[in-house]
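Here's a walk through one protein model, a piece at a time. Keep the structure open and follow along.

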Amino acid sequence: MTYQAPIRDLMFNLEHLSQWPQIVSLDKYSEIERADAQAALEEFGRFCGDLIAPLSHDADTAGARLEGNKVVLPKAYEKAYAQFVDMGWQSLAHPAGHGGMGLPRAVGAAATEILNASDMSFGLCPLLTDGAIDALELSGTDEQKEIYLRPLVSGKWSGTMNLTEPQAGSDLGRVRCKAEPREDGSYSISGTKIFITYGEHDLSENIIHLVLARTPDAPEGHRGLSLFLVPKYLVDENGHPGDRNRVNCVSIEHKLGVRASPTAVLEYAGATGYLIGAENRGLEYMFTMMNAARFAVGVQGVALSDRAYQHALAYAQERVQGQGIGLDPEQVPTIIGHPDVRRLVLRMRALVEGGRSLSMAAAGWLDLSRNGTDSTRAEATPIAEFFVPLVKAFCTERAIEVASLGVQVHGGMGFIEETGVAQFYRDARILPIYEGTTAIQANDLLGRKVLRDGGQTARRFSAMIAETETTLKAGGPKAQDIAKCLGDARVAFNASLDWLLDIGSDNLRSAFAGSVPFLNLTGTLAAGWQLARGAHAAEIELEQRREPEFMAQKITTAQIFARHVLVECESDRARIISGASCLLDETSQL
């Protein structure tokens, strides 16, 4: 089955949920119009649908392999990546001053969804490059920006993020990679890094590794980490790649999914690196790239969910099986006519569009927090930071569910690799793990985003949802029903928040025992809120008789989410408030 980029829904979310009027009022985007974004996404959607999506199944079968010290990727990737670069797609949402198209972050998020829905293994290379560009743009020296940003923005060079080591997984304070200063101002980088996505390949002319390492006499733990730029090929003062640097791929992982994306073990043996920013502030700088990657991984979750949904819907509309319950006995329907298949497919659609609405809204907040006026940044930044773990966790955890439901819709055919839907399930499984597991996102949300400010941002989040409820109550019957479900979910959130703030003051262990359910509750509520905002916008469009079929479907999807997904917030509330005690009971020791 071919992939169709969901341009209409992406544009709806862009216009109504991404704070688009505020975004285009910023100086940075003052010349950008909605038509520009739509034209770019439509053309990119055609490119990905025609060229990238057809590669996915064969690339998954072929995988990536290491021959000697050379990583071999599926043959078709080389031509596809060259066309991707020639058409300038890497540059879509990057600054014009470095050769980018300069479109807003929400447009970039939409493009990330399209590319990764087409083929996630292929899309991971540009995704990590985006993060490297962000990190250099914010923290690099003028000379580093001058030499490295333009080829990265063009896609001619790619980027990686090097954090993890064999003895240091999520606990980066255990990083041992060494950086010894040299007389010429460079550093000698030595150590081993693992799980490096696209750590070695020949698609791009150079690979720019951003590496966490420890200088001599640096403080212990994460406070002693510095960030270094280490190119695969050393670069002269004119930006031309030359000799191979002393960084080598010693193996690549054999994985459950995303098999055509090379996940490398890199050995740095006195490689030449260059300090980014100040010593011992590397983790601070790397968080720029990590947050960008976490947001992008959430968008990948939406992407895989949509690809699985499109497959399931098409199959359910074509597959003839059984007699229709309550229908003419002579009529043999396609399985979409069976009530439970409808339930499965409509739940898939609600989760896809819920994740998309959440990520597009977050992209708008992130843009305002980066590029707004001082007052705009002060208002937008807490909400933007609050949304990042929600996007990462909700969209990735739900991607596994949607992919699993897609297999279920296909029945026995879903368990067979040839149909392609098993690949989506395998690919989705990594998403809640990399760039910080769901538990790490939960710790971030509860520790840094809730307890640290005494719940101030969380209460603002709740108040904004209450405003949407008030607006919906003045609408039609479906809008009022959505408002009721949204209000019930918000009450569950407020009760959980109050309990966590109270117990967190003297019993952190009990509070954090409920951190993942709290993250699930908050992400579900946030996605339902954005769908509710979309339902209100769709009601206004219907009053103007604009696209009645599409707008009516948007309202119905929001109601399905409200009735079938938002109701789960109450069970998460119970897990948070009354579930922690039995988890921590000494008699439950494992």
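Which residue just after H8 takes a positive phi? That would be Gly155, with a phi of about 90°. Bear in mind that this is a predicted model.

**Around H8**

Let's back up into the helix itself. H8 covers residues 142-154, and with 13 residues at 1.5 Å each it should span 18 Å; its end C-alpha atoms are 18 Å apart, so the two agree. There is still a kink of about 40° at Tyr148, shortly before the proline Pro151. Tyr148 and Pro151 are both among the buried residues of H8, along with Gln144, Ile147, Leu149, Leu152 and Val153. What covers them includes helix H7 (120-139) and a set of strands, among them E3 (157-162), E6 (206-214) and E11 (263-276).

**E5 and its partners**

Now for strand E5, residues 187-197. Eight of its eleven residues are buried, so the rest of the structure largely encloses this strand. E4 (residues 178-181) runs antiparallel to E5, and four bridges join the two. Within that pairing, Glu180 stands opposite Ser188 of E5. The E4–E5 hairpin has five residues between its strands, and there Gly185 takes a positive phi near 95°. E5 also pairs with E11, again in the antiparallel sense, over nine bridges. In this case Ile189 stands opposite Ala271 in E11.

Nonpolar side chains tend to be buried together in soluble globular proteins. The largest nonpolar core here has 196 residues, and Leu210 and Phe387 touch the most other members. Setting aside residues up to four places away in sequence, Leu210 touches a list of residues including Ala132, Ala135, Met161, Leu227, Phe228, Ile276, Met286 and Met289.

Over in helix H3 (residues 34-52), 19 residues reach 26 Å from first C-alpha to last, close to the 27 Å expected at 1.5 Å a residue. Its buried residues include Ala37, Leu41, Phe44, Cys48 and Ile52. The buried residues of H3 pack against helices H1 (7-17), H2 (20-25), H4 (56-62), H5 (75-86), H6 (105-118) and H7.

**Charged residues**

How many salt bridges does the count come to? The count comes to 34.

| Salt bridge | N to O distance |
|---|---|
| Arg244 – Glu200 | 3.3 Å |
| Glu568 – Arg398 | 3.0 Å |
| Arg459 – Asp498 | 3.0 Å |

Take the Arg244–Glu200 salt bridge. Arg244 is in strand E9 (residues 241-244) and Glu200 in the loop between E5 and E6, so the pair ties together parts that are 44 residues apart in sequence. Arg244 is partly exposed at 34% relative accessibility, while Glu200 is buried at 5%.

Glu568 forms a salt bridge with Arg398. That pair links helix H19 (residues 568-584) to helix H11 (residues 374-410), 170 residues apart. Glu568 is partly exposed, at 23% relative accessible area, whereas Arg398 is buried at 13%.

As for Arg459 and Asp498, their side chains meet in a salt bridge. Arg459 belongs to helix H14 (residues 456-473) and Asp498 to helix H15, 39 residues apart.

H15 (residues 477-504) also holds Arg490. Is Arg490 buried or exposed? Its relative accessibility is 17%, so Arg490 counts as buried. Leaving out neighbours within four places in sequence, Arg490 is in contact with Ser462, Ile465, Ala466, Glu469 and Leu525.

Finally, a network of salt bridges links Asp9, Glu113, Asp306, Glu353, Arg356 and Lys554.

Methods:
Residues numbered from 1 in each chain as written. Predicted model: local features only at pLDDT ≥ 70, side-chain atom pairs only at ≥ 80, totals over all residues. Heavy atoms only, no water. Expected span 1.5 Å × (residues − 1). Bend = angle between axes of the 7 residues up to and from the residue. Buried < 20%, exposed > 50% of the residue type's maximum accessible area, 1.4 Å probe, protein only. Contact = heavy atoms within 4.5 Å. Pairing = 2+ DSSP bridges. Core = buried A, V, L, I, M, F, W, Y, C linked by side-chain atoms within 4.5 Å. Salt bridge = Lys/Arg side-chain N within 4 Å of Asp/Glu carboxyl O.
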